[in-house]
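The points below are grouped by topic and are meant to be read alongside the structure.

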Amino acid sequence: MKKIIMLMSLLVTVSLMGADSKVDGEKVFEAQCASCHIKMISKDDLVKQLKTVKAPPMVEVSNQLKNNIKIVDDLDDDIHRAVVIAFIKDYVEYPHLDKSMCQAMALERFGVMPSMKGKISEDELNAVAAWVYDYYIGKKF
Ligand code: HEC
């Protein structure tokens, strides 16, 4: 009996986790990232506003990561997407100068991003990382 109850609570936990993974990545972005990363801006406007900007705009980050992360070309787009998402997830919790793909000038200006470990749940992290990839498809910086 104990075993069955344990199994059932495990199943409930797993299904709850499934439900949680429907977290809205855009909402997580607005709540957790937008205070530093502007969502959408043109290069010209960025230059005008540079003094007040705290971090590279997310449209730039997304495009930059997609261009810089290369995988051998016989693998498909899904794998590229998964690798970029994995990079974003890792970076949010463990940012580091050596990992950053930002230009040296940007790093000097902004400093390294503060870690958000403990401030963001696994589900929120999954959702926001996927959103950063998907939202900017076809949106160039
Ligand atoms: C307190 C300000 C701040 C917040 C909040 C913040 N970031 Fe950052 N982020 C930065 C700065 C500054 C940089 C540029 C320096 C660097 O690469 O570490 C950066 C860089 C990054 C990079 C690396 C870009 C690259 O090309 O290497 C990613 C990915 C990123 N942020 C994602 C996020 C996500 C996703 C969130 C929200 C969950 C977030 N950031 C919240 C300040 C912030």
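In this predicted model, helix H5 (residues 77-93) packs against helix H7 (residues 122-135) at an angle of about 125 degrees, and their axes lie 9 Å apart.

**The contact of H5 with H7**
- The crossing of H5 and H7 is right-handed.
- On the H5 side the contact is made by Arg81, Val84, Ile85, Ile88, Lys89 and Val92, which meet Leu125, Ala129, Ala130, Val132 and Tyr133 of H7.
- By class, the residues of this contact of H5 with H7 comprise nine nonpolar and two charged ones, with no polar residue among them.

**The contact of H2 with H7**
- The axes of H2 and H7 cross at roughly 100 degrees and come within 8 Å, an arrangement that makes H2 roughly perpendicular to H7.
- From H2, the residues Gly25, Glu26, Val28, Phe29, Gln32 and Cys33 take part, and from H7 their counterparts are Glu124, Ala127, Val128, Ala130, Trp131 and Tyr135.
- The contact of H2 with H7 divides into eight nonpolar, two polar and two charged residues.

**Buried residues of H4**
- In H4, the buried residues are Met58, Val59, Glu60, Val61 and Ser62.
- These buried residues of H4 pack against both H2 and H7.

**The shell around the ligand**
- The ligand is surrounded by 28 residues, of which Cys33, Cys36, Ser100, Met101 and Met113 are the closest.
- At least two residues of this shell are supplied by each of helix H2 (25-33), helix H4 (58-68), H5, helix H6 (104-110) and H7.
- In terms of class, the shell around the ligand consists of 21 nonpolar residues, six polar residues and one charged residue.

**The protein as a whole**
- Of the 141 residues of the protein, 17% count as buried.
- Where contacts between residues at least 6 apart in sequence are considered, 61% of them join residues at least 24 apart.

Notes: Residues numbered from 1 in each chain as written. Predicted model: local features only at pLDDT ≥ 70, side-chain atom pairs only at ≥ 80, totals over all residues. Axes fitted to C-alpha atoms, helices over the stretch in contact; angles between N-to-C directions. Helix = DSSP H or I, 4+ residues; strand = E, 2+ residues; numbered from the N terminus. Left-handed = near helix turned anticlockwise from the far one by under 90°. Contact = placed C-beta atoms within 7 Å. Nonpolar A, V, L, I, M, F, W, Y, C, P; charged D, E, K, R; others polar. Buried ≥ 20, exposed ≤ 12 C-beta atoms within 10 Å, placed from the backbone. Near = placed C-beta within 6 Å. Parallel < 35°, antiparallel > 145°, perpendicular 65-115°, else oblique.
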